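Visitor: I would like to learn how to read a model like this one, feature by feature. Could you take me through it?

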Amino acid sequence: MADNVSYGWMGWIARVNLSTGEITEESDEAMQKDYIGGMGFANKIMYDEVPAGVDWMDEENKAVLAVGPLTGAGVPLAGRSTWATLSTFTTDHLVVDCHCGGQLGAKLKYSGHDGLIIEGKSDKPVYILIDDDKISIEDASALWGKGTRETTEALCKKHGVDVCVAAIGPAGENLLPYACVLNTRSHSAGAGLGAVLGSKKVKAVVVRGTKGVNVADPQMVADLSDYMIDQVIGSNNNHVVPSTQQSWAEYYDKGSRWTAKKGLYWAAAEGGPIETGEPKPHEPNTMGYRCMKSTKDLGPEAEKYTVKMAGCHGCPVRCYAQVKHPQILEKTGYESMGNTCVPNFPFSSYMQSMMKVPGTTTEDGALTDQSVLYNLIIQAVVDDLGLWCNYAQLYRDIAHTYVDGILERELGDQFAEYGFDKIMAGDPTPFIKILTDIASNDTEKKPIAWLGYGPLVWTEKWDDAKWYDDSRSCLINYRGWPVHHAIECFGQVGGLYNMVFNRDDMIHSAVNFQGCGLPIDLKKEMGAEMWGEGSVDADKNYTPMNEAKAEFAWWSIVTDVLHDCLTLCNWVWPMAMAPDKDRSYRGDLDLEAQFYTAVTGQEVTIDDLYKAGERVMTLQRCSTARGMTDKDGKMGCNDFRNIHDVITEWPFTKDPDIEPFTAGTDKMEKEDWQTALTMMYKRFGWDEELGCPTKECLEDLGLSDQAEDLEELGLLTEGGTKYDERTRTYDHVLEKYCGDNPALNA
Amino acid sequence: MKENTALEQVGSGADRLDSFFTRRGFVKVSSAFIASMVGLGLLPDSAVAAPTSSKGKVDYYATPSHVLKVNRAKCTGCQRCEMSCTLLNDGKSQPAAARIHVNDGFFYGSELGSGDGIYYSMEWNIRTCHMCTTALCQTACPHGAIITNDNGVREVDPEKCVGCGTCVAACPWHMPVVNTETGKSAKCIACGRCAEQCPNGALELVEWENVNHASGPTRQENPLPLVSEQQDFVGGGKIA
C-alpha cells in the first residue's frame with residue numbers, strides 16, 4: 001500500500017482540449033525529480049508541446065498552470081502557482097511565466113492535480129470546472145462581457161462559495177495583450193495570460209478541492225514551520241527589522257516592511273480598531289501584524305480605511321492590505337479593496353513623478369487622502385477589467401504619453417474626452433474611462449488602447465522609440481519589459497537577473513536582502529559567507545564586476561526559479577536573513593531542502609534543488625533560443641548577448657555628472673556590463689560569449705533532448721563546465737547559526 | 001429540569017444528561033450511573049475511576065475541558081489553522097477535512113448575500129466546534145461512534161464511524177466533516193494546534209465556556225447588494 005502513496009505531489013495533471021472537448025489526466029511522476037513542479041512542469045510541457053514559431057493566439061499555444069510538492073502541504077508561504085504560456089507583449093512572443101498567489105494553487109492541489117493544461121480553442125465562451133476528480137467544460141455565454149468580480153460571484157452562486165474562481169475580464173476577452181487572470185479578488189497572473197485564455201474563449205477556471213496532500217513526515221513539517229516562524233522569518237520581503245525604533249530591536253530601518261508599531265491600527269476593523277503594536281520575533285501569534293501594508297503603500301491616511309491584512313493561502317506573512325473606502329464604493333460599485341503590489345500604488349509611485357498632480361502629497365512628503373483615492377480607483381478598475389500593467393509600465397506609459405503631449409497628438413478630438421484636466425485638478429474618476437477604453441482593445445475607434453499592447457507596439461505606432469532610453473521609462477530591455485529591481489539592487493547583480501526571462505523577472509531573492517534593514521557592514525559579512533567576498537555593495541556605491549557578484553546573481557535566479565517550482569513565495573523566501581539577534585541575524589538556506597524532504601520523503605540537499613532551479617532556467621533558455629529571431633529576422637538564434645540580454649541605454653547615461661562606481665549613483669559602465677554577462681554565463685555553464693546553453697551544460701543537467709534539438713538547429717556550442725565543478729556548495733552553509741533547526745537535531 | 005427546546009426536539013435523552021452535567025457544577029450521582037454512561041460511550045473510561053467522595057457518590061465534571069474562541073476581526077484568512085489541524089490529526093494537509101472551517105467562508109462569508117467575505121466586508125465566516133455540553137453530534141450518531149474522551153471532549157471513533165453524516169446534520173453549526181477521502185467523520189478535539197500557530201492570535205484555546213454567541217456575526221446587518229445583481233463591471237458601465 002505504502003508504495004502507492006504519492007507524498008507531496010498529487011501525481012496527476014489534467015489536460016483539457018477545447019478544440020476536441022477531450023479531457024484526460026496523466027501522471028507527472030516522470031517529471032517530479034528533475035522539474036519539481038510549478039514553473040518546471042509548466043516550462044517542460046511548453047517546451048515539449050508548443051513548437052517554436054507558434055504565435056500566442058494560435059490554437060497550438062497552450063496555457064499550463066502548475067503547482068509543486070510543497071503547495072498546500074502546510075509549509076509556510078507555499079500558496080503560489082505558476083502558469084506558462086507564450087508572451088503577448090514581448091519580442092518574438094516567447095515562453096513566459098505568469099505567477100499568482102491567492103487560493104488558486106492550493107485549491108488545484110487539493111482537487112488532486114499538480115497541473116492543468118489548457119489546449120486548443122473553443123468556438124464559444126466556456127469555463128473549465130474542476131470539482132475534485134470531475135472535470136468538465138461548461139458554457140460561459142452568460143458570463144462573457146462581465147468583470148472578474150461579477151464572473152466570480154455568478155460562478156460561486158452556481159457551484160458553491162467554496163470554489164476558487166480564476167477569471168478573465170473584458171481585457172482578456174478583447175484579446176488585449178495586457179490582460180491577466182484574477183483569482184481571490186486581487187491576485188493576478190499576468191504577462192498576457194488573460195488574452196491567451198480569451199483567445200481560447202476560456203472565461204474562467206473554477207476549482208473545488210477537498211482532498212489531502214500526503215506528507216511523508218507531518219511532524220517534521222510542523223516542527224520546521226514552527227522553527228521558521230519562531231526565529232527565521234521576518235516580515236514581507238523578509239525584512240527583519242522594524243521600520244521604527246522599538247525597544248526590543250537592535251536596529252530599525254524606515255524602508256522596512258515590518259511596519260507595525262504602537263499607535264498604528266487596523267482602524268476600520270469589525271468591532272473596533274485593532275492595534276498592530278510591536279510584534280516581536282519568537283511570537284508566532286503576532287507574526288501576522290508585522291506587515292501593516294495599507295499605510296506603507298497608500299500613506300498614513302489609509303489607516304482609517306484599514307479593515308485588516310490578508311494574503312495568499314498558507315502564509316503567515318499577511319502582506320495584502322484590506323481596505324474599504326466609501327468614495328470608491330460610490331464610484332465603482334465595489335467596497336473591498338486592497339493589494340500588496342503595483343495596484344496599491346499605481347498613481348503615487350509610477351505616475352505622480354511625471355504628472356505632478358497638486359494635492360497628492362503634503363508639504364513634508366506624506367501621501368494625502370486624495371492620493372489614496374487615486375490609487376484605489378485605478379486598482380478597482382484594473383482588477384475588475386482583468387487589465388495587467390506589465391509591472392507598472394502601463395502607468396508610466398500613460399503618464400509619459402500625457403505629459404509629453406503624445407496622447408494629445410495621437411488621439412485628436414478624443415483626447416479631451418479622457419479628462420486629464422480633471423485628473424490634474426483632483427478628480428480621479430476619468431481613470432475609469434481611460435482604463436476601460438484601453439481594455440476595450442478597440443484600437444480603431446479608441447486608439448488609446450495601443451497602450452495596452454506594451455511599449456514594443458505603441459512606441460513604434462507613435463514614433464517614440466527614444467522612450468526606451470529615457471530613465472523615466474524604467475524599461476530595462478528592448479524586448480519590452482521594465483525593471484523589476486534592477487541596477488538599483490546591487491548594481492550588476494540586479495541588472496543581470498533582469499535579462500534572463502522573456503518578461504520582467506519577479507526575482508526578489510536579492511532585493512529582499514537589500515531591503516532587509518540590517519546595517520551594510522553586517523550585510524557584507526553575510527554576503528561573503530553566502531556568495532563570496534565582495535558580492536555585496538552599499539546602495540548607490542557600486543564596485544566593478546567580480547565573481548562573487550556573478551554568484552549572487554546566479555543564486556538570485558536559481559532560488560527564484562526553484563521557488564516557482566516548489567511553489568514557495570519568492571517575495572519572502574529564501575531565508576537568507578532572520579530577525580533573531582541570537583542567531584546573529586543569519587537565516588537558514590537549508591529550509592527549502594528540509595521541507596522538501598519532510599513533505600516528499602526524498603532526501604535532497606539545497607544544492608540538489610539549486611541544480612533543479614538551474615535546469616529549469618536553462619530549459620527556458622533553450623525554448624528562447626529555438627524561437628528567438630536573429631538580426632536578419634530568421635527564427636532560431638543563440639546570440640543571447642547581442643539579441644536577448646540587451647540592457648537599455650539609460651543605465652549607462654543617467655547621472656551625467658557622476659562617474660560609474662562612485663558614491664551617489666547606480667550608473668553602470670558598458671565594458672563592465674559585458675564582463676558581468678560573461679561571468680554570469682560562465683556561472684550557469686552557458687557559452688561565455690553567446691550566453692546560450694552548451695552541450696556539456698545541457699547533458700550534465702539531463703537536458704540531452706534539448707541539446708539534440710539545438711544541435712539540429714545549428715544553435716549548440718561546445719564548452720561549459722559541469723554543475724559540480726563550478727558551484728559553491730550551499731549545503732549547511734549557515735549551519736552554525738541554526739542550532740535550533742529540528743531537521744539538524746532529528 | 002431546565003428548558004432547552006432544541007434538545008427536546010432531538011428526544012434523545014441528552015437533555016436529561018445536560019441537567020446533571022452543567023458547566024458550573026459538580027454533581028453527585030451514583031457510581032453505577034457513571035458506569036452505565038461509560039458503557040454507552042457518553043462518558044470517558046476515566047469517569048469510572050474518578051475519585052469518589054463520601055457516601056459512595058462520585059464527583060464528576062462532564063463539561064469539555066477546553067473550547068476554541070475566535071475573534072474574526074483578527075483573522076487574516078491564511079488558513080494555516082486548517083492545514084495544521086489535519087497535519088497533526090490526519091497526518092496530511094487537507095483543509096476540507098479540518099475541524100475548523102475558514103476556506104469555505106473566505107470568499108463570500110456564510111453565504112452569498114451575507115455581505116461578508118473577501119469580496120465584501122473582508123470579514124470571513126469562521127466556524128469552530130462549540131464543544132456543547134450536550135453534543136448533538138454525539139447523541140445523534142446512530143453507531144455510537146462519537147465518544148467522550150478524558151477531557152470531556154467528544155471525539156469520533158473511526159473504527160465505529162460509517163461516514164453517514166448524521167452528525168454533520170445534527171450539529172447546529174454543521175461542524176463535523178465527513179472526509180471525502182477516508183469516508184470517516186472528524187470533529188474538533190480541542191488539541192489547540194490551530195491556535196498555537198495562528199499568526200494573528202485570532203484563535204484561542206480557552207477553558208470551557210459557552211461560546212454560542214461569542215464567535216462574532218455570521219452576516220452583515222445591512223449587507224451590500226450583490227454585485228451580480230447590480231452591474232456587469234466596474235463603474236456600472238455608466239462612465240465608460
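Visitor: Which residue is the bridge partner of A:Asn214 in β4(B)?

Guide: The general idea is that two strands pair if DSSP finds at least two bridges between them. Strands here are DSSP runs of E with at least two residues, while helices are runs of H or I with at least four residues, and both are numbered from the N terminus. In this case A:Asn214 has B:Lys92 of β4(B) as its bridge partner. The pairing joins strand β13 (residues 213-214) of chain A to β4(B) in the antiparallel sense, over 2 bridges. Please keep in mind that this is a predicted model, where local features need pLDDT of at least 70 and side-chain atom pairs count only at pLDDT 80 or more, although totals for chains, interfaces and linings use all residues. Residues are numbered from 1 along each chain as its sequence is written, and chains are lettered from A and ligands numbered from 1 in the order in which they are written.

Visitor: How many residues does the contact take from chain B and from chain A?

Guide: Two residues are in contact if their C-beta atoms, placed from the backbone, lie within 7 Å. By that rule, chain B contributes 52 residues and chain A contributes 68 residues. On the side of chain B that touches chain A, α5 (80-90) and β4 (92-93) of chain B each supply at least two residues. The most comes from α5(B), with 7 residues. Sorted by class, that side of chain B has 24 nonpolar, 18 polar and 10 charged residues. For the classes, Ala, Val, Leu, Ile, Met, Phe, Trp, Tyr, Cys and Pro count as nonpolar, Asp, Glu, Lys and Arg as charged, and the others, Gly among them, as polar.

Visitor: What share of the residues in chain B is buried?

Guide: A residue is buried if 20 or more other C-beta atoms lie within 10 Å of its own, exposed if 12 or fewer, and partly exposed in between, with C-beta atoms placed from the backbone. Of the 240 residues in chain B, 49% are buried. Chain B has 8 helices and 9 strands. Among its contacts with a separation of 6 or more, 60% are between residues 24 or more positions apart.

Visitor: Why is strand β12 of chain A described as largely enclosed?

Guide: Strand β12 (residues 202-208) of chain A has 6 of its 7 residues buried, so it is largely enclosed by the rest of the structure. Strand β7 (residues 126-131) of chain A runs parallel to β12(A), joined by 6 bridges; there A:Asp131 stands opposite A:Arg208. Strand β9 (residues 164-167) of chain A pairs with β12(A) in the antiparallel sense over 4 bridges, and A:Val165 has A:Val206 as its bridge partner.

Visitor: Which residues have the most contacts inside the largest nonpolar core?

Guide: In soluble globular proteins, nonpolar side chains tend to be buried together. A nonpolar core is a set of buried Ala, Val, Leu, Ile, Met, Phe, Trp, Tyr and Cys residues joined through C-beta atoms within 7 Å. The largest one here has 302 residues, and A:Val206 and A:Leu435 have the most contacts inside it. α22(A) gives the most to this core, with 12 residues. Setting aside neighbours within four places in sequence, A:Leu435 touches A:Ile378, A:Val381, A:Val382, A:Leu385 and A:Leu387.

Visitor: Against which helices do the buried residues of α23(A) pack?

Guide: They pack against α7 (218-232), α22 (547-566) and α24 (606-627) of chain A. Helix α23 (residues 591-600) of chain A is mostly covered, with 10 of its 10 residues buried. Its buried residues include A:Glu592, A:Phe595 and A:Tyr596. After α23(A) comes A:Gly601, whose phi is positive, near 80°.

Visitor: What is the strand order of the open sheet of 6 strands in chain A?

Guide: The order is β2-β1-β6-β3-β4-β5 (chain A), with mixed pairing. Its edge strands, each pairing on one side only, are β2 (23-27) and β5 of chain A. β4(A) and β5(A) run antiparallel and are joined by 6 bridges; A:Ala84 has A:Asp97 in β5(A) as its bridge partner.
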